[in-house]
Number of protein chains: 2
Amino acid sequence: MKQDLLKRENQNEDDNLQEPDVQKELQQIRIGILGFGTVGTGVYRIINQHQDDLQSQTGSQISIDKILVNSLDKLRSVDINPDLLTTDPNDVLQDPDIDIVVEVMGGVTEAREYIAQALKLKKHVVTANKDLIASYGGELLSLANENGCDLFYEASVAGGIPILRGLGEGFSSDRITKMLGILNGTTNYMLSKMAQEGMDYDTCLKQAQDLGYAEADPTSDVEGLDAARKIAILGTLGYHTEISLDEVDVLGISSIDQKDVQYGKEFGYELKLLGIADRQEDEIELSVQPTFIKKSHPLAHVDGVYNAVYVHGESVGETMFYGPGAGEMPTATAITSDLVTVVKNIKLGVNGRGKVAPYNIKKMKPKERRYQRYFVRLIVQDESGVMATIAESLSKYDMSISNMVQKPLEDQQAEIVIITHKASLSALESWKGSINSLNPTMKLASYYPVEGGE
Amino acid sequence: MKQDLLKRENQNEDDNLQEPDVQKELQQIRIGILGFGTVGTGVYRIINQHQDDLQSQTGSQISIDKILVNSLDKLRSVDINPDLLTTDPNDVLQDPDIDIVVEVMGGVTEAREYIAQALKLKKHVVTANKDLIASYGGELLSLANENGCDLFYEASVAGGIPILRGLGEGFSSDRITKMLGILNGTTNYMLSKMAQEGMDYDTCLKQAQDLGYAEADPTSDVEGLDAARKIAILGTLGYHTEISLDEVDVLGISSIDQKDVQYGKEFGYELKLLGIADRQEDEIELSVQPTFIKKSHPLAHVDGVYNAVYVHGESVGETMFYGPGAGEMPTATAITSDLVTVVKNIKLGVNGRGKVAPYNIKKMKPKERRYQRYFVRLIVQDESGVMATIAESLSKYDMSISNMVQKPLEDQQAEIVIITHKASLSALESWKGSINSLNPTMKLASYYPVEGGE
């Protein structure tokens with residue numbers, strides 16, 4: 001058995017090596033890292049801890065040769081040879097011995113410039129930078145292509161979950177019709193707390209900040225911008241057309257009322273901040289918004305800081321990928337797995353040649369054809385005939401009621417919570433605009449899309 | 001935008017083509033299919049329905065040229081040119097124009113022979129045959145390697161879920177420590193019914209058979225053999241060592257008592273038939289057995305005929321892949337995505353060179369070090385001192401009680417349900433053997449491992 005193994009291993013090595021005379025020599029692959037925060041440190045850890053495995057998998061010795069840092073004197077959580085550190089990006093970008101550049105510095109302007117420079121110097125690039133890829137992915141992928149270089153970015157969406165590979169390879173033969181993603185751990189943590197412990201928004205945010213899950217300025221997370229970047233990247237890959245960030249309708253969670261979370265639960269729904277990419281025929285729509293999903297939906301049980309991407313394909317049907325959406329080691333795993341692919345490609349001599357460029361012409365779906373069910377909460381005067389008035393007003397805009405509950409409030413007011421049948425976004429907006437003129441005492445307190453059902 | 005797209009697409013094509021003078025010509029890839037049951041029909045459907053997409057992704061025209069069938073006269077659910085059908089395997093295997101053979105005939109002896117023959121004739125192979133891969137995967141992969149051919153088998157584990165890609169590529173840089181799989185849709189459907197509707201085993205089986213989820217002879221599903229083959233394949237890939245089927249401890253669901261399912265629920269657990277692959281240090285253990293998992297575990301909500309594989313990696317942490325484990329179109333999607341990879345490899349000229357052969361020496365973990373928590377149900381005479389006797393007997397074998405509940409039965413008997421702390425498998429077996437001599441009126445009604453916790 002052991003001999004068998006060795007025999008097969010050697011055969012494999014023989015086949016993989018380009019030149020027979022270097023058969024016994026391990027190829028040396030040199031890496032430069034731009035940025036040495038938590039994720040950069042994680043990549044350093046994995047490459048050092050898993051060196052044997054990486055070597056067995058790639059037939060190469062992978063070493064980190066240079067790391068761009070902000071400050072040489074900063075205390076680090078790993079023991080590192082100070083000679084590896086530099087504050088000059090050119091020490092990484094211009095070093096002819098460096099084969100692959102890992103960009104984990106974040107930000108857009110400098111990262112874009114450095115990556116472009118690396119690609120022009122025929123260095124392969126692995127990045128975790130969703131802001132950059134969502135805005136300049138197409139441009140940089142073209143540049144990589146022109147220079148015969150790999151540019152991989154698995155870590156930019158849903159951290160440790162290999163979803164980009166799943167879409168690009170696992171479902172390459174299928175036609176993806178829908179993607180729903182819990183793509184931001186901070187907001188999912190907050191919504192889980194609101195649902196499970198009845199906390200209000202401000203308390204949740206404070207707690208998330210105390211635990212380090214949310215930043216001091218939480219705007220990008222709670223207003224849905226972070227998730228929007230990720231659904232734009234998923235949409236581009238899944239629908240083979242270049243989606244730009246401004247084509248994603250974005251609504252965050254900052255105005256969510258605890259009441260809605262609890263009313264939704266009564267109807268059997270969980271409120272999640274979903275990135276949604278939908279394609280029917282050739283028309284696509286993309287959004288990020290707090291959305292109610294049925295408890296029986298696989299996404300409904302994704303709680304805390306975890307991420308998940310639900311993918312529906314015409315042939316494969318319903319699938320879901322679940323895992324950690326952020327964090328040092330999960331993100332570093334995605335980056336290092338991309339590195340392994342680059343190294344294998346170097347051995348095979350096929351860098352920059354496996355990618356499929358977007359080939360579909362983009363058609364965004366207009367509001368008139370964007371159908372959804374809605375959860376609607378109204379505050380009304382509790383007087384006879386009010387229900388009839390509401391039902392009538394809805395039917396004027398081709399909307400109708402699927403479920404309804406009325407709750408008494410103080411001062412002879414009442415709350416009416418409705419789940420509608422499917423209605424177009426334009427119908428919802430028109431109806432919304434008409435409420436006030438219909439009855440000046442009636443107030444639309446909130447509304448959310450409801451995923452699934454008729 | 002449109003121009004940009006076209007520009008990038010063309011660049012990509014330029015780069016991908018091997019020879020400049022065939023730039024405008026689409027490469028023709030010819031496929032032969034062995035077997036034309038539901039899955040074979042699914043592959044035929046996808047290749048015809050998604051021809052445009054497949055062409056855009058691979059730059060090749062993929063056609064099905066020959067299909068091996070049992071009978072030429074059988075009524076088919078797809079319109080098909082009768083000239084494509086043959087009852088002679090040599091019409092597929094010996095046809096020099098056929099580049100790729102898809103094996104979906106099932107069975108082991110003939111499939112093994114035909115695949116070997118195809119590989120020797122330098123044809124790439126895609127198969128969905130878990131029986132074959134679990135028993136002869138190593139041998140056939142070596143043969144593929146020797147002949148510079150691809151041999152892919154994504155469809156053999158968990159149908160439409162791209163889990164083999166996830167392990168082999170997505171987590172290539174990580175060290176997988178644990179895999180837990182709901183790998184058999186039939187038994188998961190039955191256990192879901194037992195848990196949710198309180199049905200007994202026989203009624204569930206009958207229903208599964210009526211719905212076509214279970215075969216007339218359900219042995220392979222209900223006794224865990226089907227799941228064992230899949231966990232052996234996952235273990236081989238995840239731990240980089242060749243696992244053989246007889247190294248998997250197998251226990252099916254046929255002796256499960258409805259009572260245990262309900263008692264487990266009272267403790268907050270769901271009973272699932274799990275394929276388990278565990279690695280600690282260098283020692284591995286593999287099993288298929290009905291196992292209780294906490295309701296908070298992501299696998300606990302995988303119900304009905306769905307499959308899911310939970311993967312824990314040293315760096316990435318907890319992940320899960322969920323989707324349809326069987327069925328015509330999901331399985332066909334996995335096969336056709338493998339076909340896409342083969343076609344891309346043909347264009348790049350790298351077939352048979354991307355695979356990593358198993359490189360770890362195999363060490364199976366002995367029973368003395370296989371630790372688990374256990375759910376144990378005992379039937380006892382309800383007399384004073386019985387609890388002390390049980391606790392004492394457990395402690396003799398270094399076992400201890402974490403949770404316990406006592407339920408009265410008729411005739412002064414009682415049921416005692418215990419969740420233990422972690423104990424070794426050898427301790428459990430020794431304790432089990434000692435029960436009868438301890439107290440002849442005491443009976444061990446059932447026991448199951450409990451996943452997670454201390």
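Me: Before we start, what are the ground rules for numbering and chain letters?
Reply: Residues count from 1 along each chain as its sequence is written, and chains are lettered from A, with ligands numbered from 1, in the order in which they are written. The model is predicted, so local features need pLDDT of at least 70 and side-chain atom pairs pLDDT 80 or more, while totals for chains, interfaces and linings use all residues; side-chain values use heavy atoms, without hydrogens and water.

Me: What ipTM and pTM does the complex get?
Reply: The predictor gives an ipTM of 0.91 and a pTM of 0.92.

Me: And what does chain A average in pLDDT?
Reply: Chain A averages 92, and 94% of the residues score at least 70. pLDDT is the predictor's confidence in each residue, from 0 to 100.

Me: Where in chain A is the pLDDT below 50?
Reply: Over residues 1-24 of chain A. That stretch still has 34 contacts in the model beyond near neighbours in sequence, a contact being heavy atoms within 4.5 Å. Where pLDDT is low, the predicted coordinates should not be read in detail.

Me: Next topic. What rotation superposes chain A on chain B?
Reply: One of 180 degrees, with 0.0 Å of shift along its axis and an RMSD of 0.0 Å. That is the relation of a two-fold axis.

Me: Which C-alpha of chain A is nearest the axis?
Reply: That of Phe321(A), 2.4 Å from the axis. Phe321(A) also belongs to a cluster of ring pairs with Phe171(A), Phe171(B) and Phe321(B).

Me: Why do the copies meet through the same surface?
Reply: Because 100% of the interface residues of chain A are also interface residues in chain B.

Me: What is His50(A) in contact with?
Reply: Leaving aside neighbours within four places in sequence, Ser173(B), Asp174(B), Arg175(B), Glu314(B) and Ser315(B). His50(A) sits in the loop between helix H2 (38-49) and helix H3 (51-58) of chain A; helices are DSSP runs of H or I with at least four residues, strands runs of E with at least two, numbered from the N terminus.

Me: Is His50(A) buried or exposed?
Reply: Buried, at a relative accessible area of 2%. Buried is under 20%, exposed over 50%, and partly exposed in between, with a 1.4 Å probe and protein chains only.

Me: Back to rings. How many aromatic pairs are there over all chains?
Reply: The search finds 17. Phe, Tyr and Trp rings (the six-membered one for Trp) pair if their centres lie within 6.5 Å; planes under 30 degrees apart are stacked, over 60 edge-to-face, and the rest tilted. Among them is the edge-to-face pair of Tyr189(B) and Tyr213(B), 4.9 Å centre to centre with 70 degrees between the planes.

Me: Where do Tyr189(B) and Tyr213(B) lie?
Reply: Tyr189(B) is in helix H8 (residues 185-197), and Tyr213(B), 24 residues apart from it, is in the loop between helix H9 (201-210) and helix H10 (219-222) of chain B. Tyr189(B) is buried at 9%, whereas Tyr213(B) is partly exposed at 36%.

Me: How are the rings of Phe292(B) and Phe375(B) arranged?
Reply: They are tilted, with centres 4.5 Å apart and planes at 40 degrees. Phe292(B) is buried at 0%, and Phe375(B) is buried at 0%.

Definitions and conventions:
Least-squares fit on C-alpha atoms with pLDDT ≥ 70 in both.
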